Amino acid sequence: MKRLLSFLLCFGILLFWSSCRNDFEFTPSKGQLEFARDTIYLDTVFSTIGSSTYNLKVYNRSDEDIVIPTIQFENGESSLYRMNVDGSTGLDNDDQIGKFFEDVELLANDSLFIFIETTIDIANPDLGALENQFLYTDRILFDSGSKQQDIDVITLVKDAVFIYPNRTPIDDDDDYIIETLTFDVDGDGTPDETTLQGRFLLDSELTFTNEKPYVIYGYAGVGEGKTLTMEAGARVHFHADSGIIVTDGGSLNINGTLSPDQETLANEVIIEGDRLEPFYSDIPGQWGTIWLFNGSENNTINYATIKNGTIGIVADGNQDAPNDKLTITNSKIFNFSSFGIRGTATSITAKNLVINNCGQSSFAGTYGGKYNFTHCTIANYWDSSFREYPALLLNDFIVDENNTIFTNGLTEANFNNCIIYGNDNPEFLLENEGDIFNFKFSNCLLRFNNSSLSGTGNYDFDDTLFYSNNVFNEDPKFKSPFENLMRIGDDSGAKGIGNTFGVAEAPRDILGFLRSSSIDAGAYNFIIFED
């Protein structure tokens with residue numbers, strides 16, 4: 001029995017070591033690797049800003065364990081790309097880290113991942129870039145000679161104007177203090193230090209042109225007596241937790257114009273985050289807000305698309321200013337994790353405005369104010385999380401930390417020829433604690449189907465002082481509201497319900513088409529959708 005046990009033990013050991021040895025008998029690659037793609041597009045990046053990380057899957061479909069003698073970039077050590085092969089950064093030589101790999105093993109019928117990224121400075125003279133953008137290309141080479149295989153790598157690099165706060169070194173360990181904004185926050189006439197990272201724009205920076213995109217880190221401030229002007233075709237990109245703040249006595253003028261090509265929107269001003277990859281094209285919360293602080297004045301926005309931040313526009317104060325705090329026309333505000341526009345005791349005029357897909361309300365007029373909206377589409381088809389508030393919120397109060405209620409009059413809130421709709425019900429909420437709460441909905445398509453509230457308080461839809469010629473709960477037939485395609489079809493509940501007063505205020509729709517004698521509510525005239 002002992003001899004049998006000894007034999008079995010020895011046989012098992014020999015079999016184990018034999019199996020292990022065979023597992024690691026790698027043969028050189030024969031040039032028969034397969035790849036998940038033949039070209040890696042790193043999409044578009046700004047000069048000096050690192051790209052996202054992209055991956056390539058490499059397959060060994062054979063029944064042999066193989067070793068790939070080399071994996072490298074065609075441009076060698078000078079390549080502006082870098083890669084990681086299954087967790088390895090390659091040779092220890094600093095010049096070759098992420099550039100050159102030797103003897104990469106790949107088991108039979110297995111695969112490995114290669115991760116690629118880049119950071120490119122368009123000002124590098126070796127690149128020979130002649131324009132504000134150029135294509136940078138390289139190839140990943142697998143093996144060499146007759147067995148060589150390759151994958152193209154392509155990146156579009158854009159030059160940009162970078163605006164960022166100053167950094168002050170504080171020791172020898174590369175630590176620094178980032179500049180923060182100082183301005184009169186509480187209205188007492190003296191500057192207050194804030195924790196908002198950023199700086200005030202220089203006079204030479206107060207005009208954003210369409211020559212290069214603008215990339216902003218922190219908050220770009222517009223000071224007293226200054227006006228930030230964005231010209232038609234300007235492109236503005238904010239880094240995380242960044243935005244614009246217009247302080248007391250400052251102004252913002254966004255001067256976009258109608259774009260004949262609605263795909264490129266070449267003449268519109270587009271404001272969004274600084275991640276250019278397609279994945280980020282409709283992701284909310286990528287940047288902060290455009291903050292029109294109390295005391296800023298004569299702010300105007302025309303033909304702008306503002307998207308993918310936390311709050312599109314914050315407008316505070318100046319309810320009784322001779323000119324409205326904000327006049328916004330022919331513009332779109334999409335994909336905000338909180339509010340599209342949040343006004344507090346302020347004054348706003350809007351015509352041909354479209355707001356959609358916001359985590360709270362698309363438009364919130366809080367603590368009273370003065371608001372006049374004509375031919376606007378205030379929709380909310382947010383589906384990324386629970387939404388607490390409807391598309392439209394109006395109230396006349398604020399509550400402090402001690403639960404003390406303060407009221408301020410809603411002197412007027414007129415919605416004429418508008419659509420107020422969404423994927424929740426109801427889609428407007430009217431709350432007042434004070435006596436001055438003046439609102440009116442005229443010739444609007446409204447979503448409100450709540451039997452417990454209808455006919456009571458602010459929801460007496462038969463009271464012509466507040467409601468006139470409105471249509472309730474008829475489908476607006478937006479083309480694709482979850483994708484922010486907000487044109488209405490020929491069977492829309494908003495078709496033909498408008499009044500002539502709205503046409504006098506906005507004779508053309510947001511696309512520049514004349515409004516006919518049959519007047520549609522909302523920012524768009526109806527069209528017949530193609531199947």
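## Strand pairing and salt bridges in a predicted model

Strands E25 and E28 (residues 326–336) run parallel and are joined by 4 bridges. Strands here are DSSP runs of E with at least two residues, numbered from the N terminus, and two strands count as paired if DSSP finds at least two bridges between them. The structure is a predicted model, in which local features need pLDDT of at least 70, side-chain atom pairs count only at pLDDT 80 or more, and totals for chains, interfaces and linings use all residues. Residues are numbered from 1 along each chain as its sequence is written, and side-chain values use heavy atoms, with hydrogens and water left out.

Strand E25 covers residues 299–302; Asn299 and Ile301 form its covered face, whereas Thr300 and Asn302 form the uncovered one. In a regular strand, side chains alternate between the two faces of the sheet.

**Salt bridges**

A salt bridge is defined as a side-chain nitrogen of Lys or Arg within 4 Å of a carboxyl oxygen of Asp or Glu. By this rule the model contains 15 salt bridges.

| Salt bridge | N to O distance |
|---|---|
| Glu117 and Arg82 | 3.1 Å |
| Arg139 and Asp150 | 3.0 Å |
| Arg275 and Glu277 | 3.2 Å |

Glu117 forms its salt bridge with Arg82. Because Glu117 belongs to strand E8 (residues 110–118) and Arg82 to strand E6 (residues 81–85), this pair ties together parts that are 35 residues apart in sequence. The surroundings of these residues can be described by relative accessible area: buried means under 20%, exposed over 50%, and partly exposed in between (1.4 Å probe, protein chains only). Glu117 is partly exposed at 24%, and Arg82 is partly exposed at 30%.

The side chains of Arg139 and Asp150 also meet in a salt bridge. This pair links distant parts of the chain, with Arg139 in strand E9 (residues 133–142) and Asp150 in strand E10 (residues 149–158), 11 residues apart. Arg139 is partly exposed, at 22% relative accessibility, and Asp150 is partly exposed as well, at 32%. Together with Glu74, Arg139 and Asp150 are linked in a network of salt bridges.

In the salt bridge between Arg275 and Glu277, Arg275 counts as partly exposed at 30% relative accessibility, whereas Glu277 counts as buried at 5%.
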